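I opened this model to look up its helices, its core and its pocket. My entries follow in the order in which I went through them.

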Amino acid sequence: LGNALRLALVFHAVTLALWIWVGLSFHLNTFYFAGCFLIAIAFIIEHCLITPTDLSKVIFAFNMNGFIAIFYLLSLWSGKL
């Protein structure tokens with residue numbers, strides 16, 4: 001389980017790096033990058049909620065990903081305003 005959590009951390013970091021690359025490539029505005037920053041905080045919160053010995057909040061963390069997806073869509077949309 002510890003390896004799975006480390007792999008999730010790596011994938012979240014790569015995702016965030018690619019989103020920043022998208023923002024730079026398409027010259028998106030500050031709203032987009034502010035959204036990416038808030039999503040990075042949400043990723044950190046997710047990783048603080050779950051430990052290999054305590055999975056009691058795994059459903060909350062999983063559901064948080066749905067809100068992150070919607071928030072990213074809104075950040076992407078507002079990034080072109």
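The entries below go from the whole chain to single residues.

**Ground rules.** I am working with a predicted model, in which local features need pLDDT of at least 70 and side-chain atom pairs count only at pLDDT 80 or more, whereas totals for chains, interfaces and linings use all residues. I number residues from 1 along each chain as its sequence is written, and side-chain values use heavy atoms, with hydrogens and water left out.

**Whole chain.** The C-alpha atoms fill a box of roughly 45 × 20 × 15 Å along the principal axes. Of the 81 residues, 26% count as buried, where buried means under 20% relative accessible area, exposed over 50% and partly exposed in between, with a 1.4 Å probe and protein chains only. I also noted that 64% of the contacts with a separation of 6 or more join residues 24 or more positions apart, a contact being heavy atoms within 4.5 Å.

**Helix H1.** I checked the length of H1 (residues 2-25): at 1.5 Å a residue its 24 residues should span 34 Å, and the end C-alpha atoms are 35 Å apart, which agrees; the expected span is 1.5 Å times one less than the number of residues. The buried residues of H1 are His12, Leu16, Trp19 and Gly23, and their cover includes helix H2 (30-49) and helix H3 (58-78). An α-helix has 3.6 residues a turn, so residues three or four places apart point the same way. After H1 comes His27, with a positive phi near 55°.

**Core.** Which residues make up the largest nonpolar core? I list twelve: Leu16, Trp19, Leu28, Tyr32, Cys36, Ile39, Ala40, Ala42, Phe43, Met64, Ile68 and Tyr72. H1, H2 and H3 are the elements that give two or more residues to this core, and H2 has the largest share, with six residues. By nonpolar core I mean a set of buried Ala, Val, Leu, Ile, Met, Phe, Trp, Tyr and Cys residues joined through side-chain atoms within 4.5 Å. Leaving out residues up to four places away in sequence, I find Ile39 touching Trp19, Ile68, Phe71 and Tyr72.

The largest pocket has a volume of about 210 Å³; a pocket is an open set of points on a 1 Å grid over the protein atoms alone, where a 1.4 Å probe fits, with protein on both sides within 12 Å along at least five of seven lines, and lining residues have an atom within 4 Å of a point. The volume is the space filled by probe spheres set on the points, which are joined across faces, edges and corners. The lining includes Leu1, His12, Glu46, His47 and Asn65, and by class it has eight nonpolar, three polar and one charged residues.

**His12.** This residue of helix H1 counts as buried at 18% relative accessibility. Not counting residues up to four places away in sequence, His12 touches Phe43, Glu46, His47 and Asn65.

Is Ser78 buried or exposed? Ser78, in helix H3, is buried, with a relative accessible area of 15%, and touches Asn29 and Phe31, again not counting residues up to four places away in sequence. Leu81, in the segment after H3, counts as exposed at 66% relative accessibility.

Key:
Helix = DSSP H or I, 4+ residues; strand = E, 2+ residues; numbered from the N terminus. Nonpolar A, V, L, I, M, F, W, Y, C, P; charged D, E, K, R; others polar.
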